[in-house]
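The stops below can be selected one after another.

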Amino acid sequence: MVVEGIVAVVDSIYILAVLVIFKEPKTRTNANSLYMVNLMPIYSQNNFSFKSSVKGLIVSESIVVLLFVLSSIALFRVPVYSNWIPVVVIFIFGNIVFFWFKSFNIQCANGILKYRSPFGGIKEIPIQEIEEAYIEAGVLDKKDVYRGFFRLVLRPKATSKMKGFYINMAVFDNANIKKLIDILPMRK
């Protein structure tokens, strides 16, 4: 009973830590200034910024936390050195999942769309240079195996020197994706 109580407390602390890290401060004061600076992103039709969905992170991390709890219970019931390996591996995997989710970001400011993904780096394109945007789902080509299952594809104009890219839609909230789709020239 004591082990289950400890595991429940650790689980609650872990979930609260995830929620606190994702919360953005509304204002901050500078020691040299006499006024407060607003740090929240400006949401308008052409200026917005949003990060990955907290709901998706909580669902993914809850699976990792469940595995962590089960392996911790097994460790405390039979305290053998080899039982530490699954606990450490699951803990490291949980942190990788957390930072993977946290690294997704979409920003649109001054007519330039920027997308940051963990392995793709930062990609940007002016909205005027986008000829069409459309949504793809599934695997249509060999390269699609390494892309998000639901993705928003951005194709630049033929006269542009910019490269097209895709945005993984699965990690963002539907409301935020709708804001993005509203400003893009979608394929009819």
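The tour goes from the whole chain to single elements and residues.

**Before selecting anything**

This is a predicted model, in which local features need pLDDT of at least 70, side-chain atom pairs count only at pLDDT 80 or more, and totals for chains, interfaces and linings use all residues. Residues are numbered from 1 along each chain as its sequence is written, and side-chain values use heavy atoms, with hydrogens and water left out.

**Stop 1: the whole chain**

Show the chain as a cartoon. There are four helices and nine strands; helices (H or I, at least four residues) and strands (E, at least two) are DSSP runs, numbered from the N terminus. Along the sequence their pattern is α-β-β-β-α-α-β-β-β-β-β-β-α. Of the 188 residues, 31% are buried. Buried means under 20% relative accessible area, exposed means over 50%, and partly exposed lies in between (1.4 Å probe, protein chains only).

Next, look at contacts, that is, heavy atoms within 4.5 Å. Among contacts between residues at least 6 apart in sequence, 53% join residues at least 24 apart.

**Stop 2: colour by confidence**

Colour by pLDDT, the predictor's confidence in each residue, from 0 to 100. The chain has a mean of 79, and 76% of its residues reach 70 or more. Where is confidence lowest, and where is it highest? The lowest mean, 40, belongs to strand β2 (residues 36–38), and the highest, 93, to β5. Select residues 24–43: pLDDT stays under 50 there, and the model has 21 contacts beyond four places in sequence for this stretch.

**Stop 3: helix α3**

Select residues 84–102. This is helix α3, with 19 residues, and it reaches 27 Å from its first C-alpha to its last. That is close to the 27 Å expected at 1.5 Å a residue, the expected span being 1.5 Å times one less than the number of residues.

Now show the side chains of V87, I90, G94, V97, F98 and F101, the buried residues of α3. Seen down the helix axis, they fall within an arc of 100 degrees, so they line one face of the helix; the arc is that of the directions from the helix axis to the C-beta atoms. An α-helix has 3.6 residues a turn, so residues three or four places apart point the same way. The face turned away from the buried side of α3 carries the exposed residues I85, I96 and F99.

**Stop 4**

Select β3, residues 48–51. F48 and F50 form its covered face, while S49 and K51 are on the uncovered one. β3 runs antiparallel to β4, joined by four bridges; two strands pair if DSSP finds at least two bridges between them. S49 has Q107 as its bridge partner in β4.

Move on to N110, in the loop between β4 (105–109) and β5 (112–117). Its phi is near 55 degrees, a positive value in a residue other than glycine. N110 is exposed, with a relative accessible area of 72%.

A hairpin joins β5 to β6 through three residues, and L113 stands opposite I125 in β6.

**Stop 5: helix α4**

Select residues 174–183, which make up helix α4. Which of its residues are buried? They are N176, I177, L180 and I183. Down the axis of α4 these fall within an arc of 125 degrees, so they line one face of the helix. They pack against β3, β4, β5, β8 and β9. On the other side, N174, A175 and K178 are exposed.

Zoom in on N176, which counts as buried at 13% relative accessibility. Leaving out residues up to four places away in sequence, N176 touches F50 and K51.

I181 is partly exposed, at 22%.

**Stop 6: the nonpolar core**

A nonpolar core is a set of buried Ala, Val, Leu, Ile, Met, Phe, Trp, Tyr and Cys residues joined through side-chain atoms within 4.5 Å. The largest one has 26 residues, of which I106, L113, L154, I167, F172, L180 and L184 touch the most other members. β3, α3, β4, β5, β7 (130–137), β8 (150–156), β9 (165–168) and α4 each supply at least two residues of this core.

Finish on I167. Beyond four places in sequence, its contacts include I106, L113, F172 and L180.
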